[in-house]
Amino acid sequence: MDSTNTRAKLIGGGNVMEDAVVVAKNQTAGRGRRGRNWISPEGNCYFSIMMKPNIQVENASTITLVAALALTQTIENVTGLKAQIKWPNDVVVDGKKVSGILTESSVGVDGLKYVVIGVGVNVNQKQFDTEIESMATSISLQTGNAVDCAHVIGEFLNCFENSFEIFLETEDMTALIDRYNSLLVNLNREVRVIDQGERVGTALGINEKGQLLVRYMDGNVESVISGEVSVRGLYGYV
Ligand code: BTN
């Protein structure tokens with residue numbers, strides 16, 4: 001199909017009240033964050049969850065961190081690989097991105113209409129374009145084996161449901177901060193915070209809103225809001 005996120009948004013815009021999961025074997029117009037394409041050949045996993053949670057609009061974007069947490073757990077459970085999170089929601093193995101999440105939401109006059117969480121997992125891909133090959137990996141490159149996407153998606157739905165219920169208690173990361181920070185590949189590392197300009201600081205972990213706390217050279221600690229800036233390692237992707 002074109003994009004599981006695009007299809008899930010069409011379902012969300014209709015009158016259905018139930019949640020939905022859209023799964024594709026490949027995508028002809030896969031979308032990534034910041035308007036990028038997500039090249040989607042057959043052999044990887046592509047899926048999107050559409051749901052209509054009863055939460056405040058301003059808390060919807062935090063769900064993307066909950067999804068990253070669930071995906072890290074999923075990859076560990078299914079493959080045995082140690083997966084980590086590059087804030088806010090890239091899942092990395094061995095310092096390279098193995099999976100990306102694109103969360104999109106729709107807001108109406110009565111508040112949040114729906115949220116779509118789109119997940120792409122590099123499962124069977126052996127080669128990546130030259131501009132991303134130093135930053136990207138796949139499960140089969142890491143383990144020598146491919147995995148079944150149905151298994152990945154089933155495990156993700158279980159892990160996500162558990163974490164999402166915890167998130168719903170406060171509609172933020174309060175009860176998930178410790179788990180999230182323990183998986184954060186950026187923790188206590190120097191990062192480049194890229195906005196209009198570029199500043200270097202040390203990542204201290206997330207706060208309850210899911211913002212990344214960064215201590216800059218002058219000692220000031222500021223929170224970085226996901227979606228507004230990009231955070232990179234000092235010498236590369238992480
Ligand atoms: C990123 O830029 O890291 C996010 C990539 C998200 C890709 C997934 S694949 C399934 C879903 N459908 C899309 O069009 N995008 C997401």
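In the predicted model, a disulfide joins Cys 45 to Cys 149, with an S to S distance of 2.1 Å. The count of disulfides comes to 1. The torsion about the S-S bond of Cys 45 and Cys 149 is about -105 degrees, so this disulfide is left-handed. Cys 45 belongs to strand β2 (residues 45-51) and Cys 149 to helix α4 (residues 149-170), so the bond ties together parts that are 104 residues apart in sequence. Cys 45 has a relative accessibility of 1% and therefore counts as buried. A further cysteine, Cys 159, is in no disulfide. The cysteine sulfur nearest to that of Cys 159 belongs to Cys 45 and is 14 Å away, whereas a disulfide requires sulfur atoms within 2.5 Å. Cys 159 is likewise in the buried class, its relative accessible area being 9%.

Helix α4 also packs against helix α2 (63-79). The axes of α2 and α4 come within 8 Å and cross at roughly 135 degrees; the two helices are therefore oblique to each other. The crossing of α2 and α4 is right-handed. On the α2 side, the contact is made by Ile 63, Val 66, Ala 67, Ala 70, Leu 71, Gln 73, Thr 74, Asn 77 and Val 78. Their counterparts in α4 are His 151, Val 152, Glu 155, Phe 156, Cys 159, Phe 160, Ser 163, Phe 164 and Phe 167. By residue class, the contact of α2 with α4 divides into 12 nonpolar, 5 polar and 1 charged.

Ala 70 is one of the α2 residues in this contact. With residues up to four places away in sequence left out, Ala 70 touches Phe 156, Cys 159 and Phe 160. The relative accessibility of Ala 70 is 1%, so this residue counts as buried. The C-alpha atoms of Ala 70 and Val 224 are 22 Å apart in space, and the two residues are 154 apart in sequence.

Asn 59 is located in the loop between β2 and α2. Its relative accessible area is 18%, and Asn 59 is therefore buried, the cut-off for this class being under 20%. Leaving out residues up to four places away in sequence, the contacts of Asn 59 are Phe 167 and Glu 171. Phe 167 is also among the α4 residues that meet α2.

Backbone geometry was examined next. Most residues other than glycine have a negative phi, and most peptide bonds are trans. The peptide bond from Trp 87 to Pro 88 is cis, with omega near 0 degrees. Pro 88 is found in the loop between β3 (83-86) and β4 (90-93).

A positive phi occurs at Arg 34, which is not a glycine, with a value of about 55 degrees. Arg 34 is placed in the loop between β1 (20-24) and β2. Its relative accessibility of 42% makes Arg 34 partly exposed. Asp 94, also a residue other than glycine, has a positive phi near 55 degrees. Asp 94 lies in the loop between β4 and β5 (96-108). At 62% relative accessibility, Asp 94 is classed as exposed.

Key:
Residues are numbered from 1 along each chain as its sequence is written. This is a predicted model: local features need pLDDT of at least 70, side-chain atom pairs count only at pLDDT 80 or more; totals for chains, interfaces and linings use all residues. Side-chain values use heavy atoms; hydrogens and water are left out. Helices (H or I, at least four residues) and strands (E, at least two) are DSSP runs, numbered from the N terminus. Buried means under 20% relative accessible area, exposed over 50%, partly exposed in between (1.4 Å probe, protein chains only). Contact means heavy atoms within 4.5 Å. Axes are lines fitted to C-alpha atoms, for helices over the stretch in contact, and angles run from 0 to 180 degrees between N-to-C directions. Angles under 35 degrees count as roughly parallel, over 145 as roughly antiparallel, 65 to 115 as roughly perpendicular and the rest as oblique. A crossing is left-handed if the near helix is turned anticlockwise from the far one by less than a right angle, and right-handed if clockwise. Ala, Val, Leu, Ile, Met, Phe, Trp, Tyr, Cys and Pro count as nonpolar, Asp, Glu, Lys and Arg as charged, and the others, Gly among them, as polar.
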